[in-house]
Amino acid sequence: MDLIKTIEEQQKKPNIPDFRVGDTVKVYFEIIEGKTKRIQVYEGLVLCFKNSGVRRTFTVRKESYGVGVERIFPVNSPRVIKVEIVRPGKVRRAKLYYVRDKVGKAAKIKEPFDPKSVKRVAEANALANANAAKEQALMAEIKAETAAEAAANKSSKGKKK
């Protein structure tokens with residue numbers, strides 16, 4: 001049992017931005033199609049959080065061409081590049097499943113205008129941007145190392161012939 005906990009602790013992301021249920025967020029998600037990688041932005045309302053620890057997930061709902069679309073993202077996934085808060089929400093529930101039945105203006109979530117929530121959003125977005133920049137730098141470094149190794153292997157193969 002302790003072995004599982006130690007592995008889970010290694011998989012956890014160290015700095016996760018403070019977004020809550022009711023916030024409207026942009027999730028930058030990496031999609032791999034064959035050999036190409038791209039980042040897809042998914043913007044919507046956070047309906048709920050489930051589980052805890054490494055297995056923690058959050059559900060984001062958006063309206064796409066008049067149809068409600070929900071997607072579940074793992075919080076600690078390496079494919080989730082960053083989560084940016086677009087607009088904070090003021091809710092009194094832990095799960096917003098009732099929004100599924102609402103249409104139009106009734107589906108809107110109130111927005112708090114107090115300085116505390118504005119500060120929280122600014123800090124969370126700054127943290128998300130800093131984490132994304134660190135991750136981009138790390139990926140560029142890994143890519144450069146891989147290219148150097150490939151070049152070294154190619155030159156060593158050419159000498160043997």
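A residue counts as buried under 20% relative accessible area, as exposed over 50%, and as partly exposed in between. This cut-off is used below for two residues of the structure, which is a predicted model.

**The sheet**

An open sheet is formed by 5 strands, and their order is β4-β3-β2-β1-β5. The pairing in this sheet is antiparallel. At the edges lie β4, residues 67-74, and β5, residues 80-87. Each of these edge strands pairs on one side only. From one strand to the next, the twist averages 40 degrees.

Strand β3 covers residues 57-64 and pairs with β4 in the antiparallel sense. The two strands are joined over 8 bridges. Within this part of the sheet, Glu 63 has Gly 68 in β4 as its bridge partner.

**The loop and helix α2**

Between β5 and α2 (115-160) runs a loop, and Ala 107 lies in it. Leaving aside neighbours within four places in sequence, Ala 107 is in contact with Val 99 and Lys 102. Helix α2 holds Ile 142. On the surface, Ile 142 forms a nonpolar patch with Leu 138 and Met 139. Together these residues have about 260 Å² of accessible area.

The table gives the accessibility of the two residues.

| Residue | Relative accessible area | Class |
|---|---|---|
| Ala 107 | 23% | partly exposed |
| Ile 142 | 41% | partly exposed |

Ile 142 is partly exposed because its relative accessible area is 41%.

Notes. Residues are numbered from 1 along each chain as its sequence is written. This is a predicted model: local features need pLDDT of at least 70, side-chain atom pairs count only at pLDDT 80 or more; totals for chains, interfaces and linings use all residues. Side-chain values use heavy atoms; hydrogens and water are left out. Two strands pair if DSSP finds at least two bridges between them. Helices (H or I, at least four residues) and strands (E, at least two) are DSSP runs, numbered from the N terminus. Axes are lines fitted to C-alpha atoms, for helices over the stretch in contact, and angles run from 0 to 180 degrees between N-to-C directions. Buried means under 20% relative accessible area, exposed over 50%, partly exposed in between (1.4 Å probe, protein chains only). Contact means heavy atoms within 4.5 Å. Patches are made of residues with over 30% relative accessible area and no salt bridge: like charges are joined within 9 Å, nonpolar side chains (Val, Leu, Ile, Met, Phe, Trp, Tyr) within 5 Å. Accessible areas come from the Shrake-Rupley method with a 1.4 Å probe; for residues, only the protein chains shown count as cover. A salt bridge is a side-chain nitrogen of Lys or Arg within 4 Å of a carboxyl oxygen of Asp or Glu.
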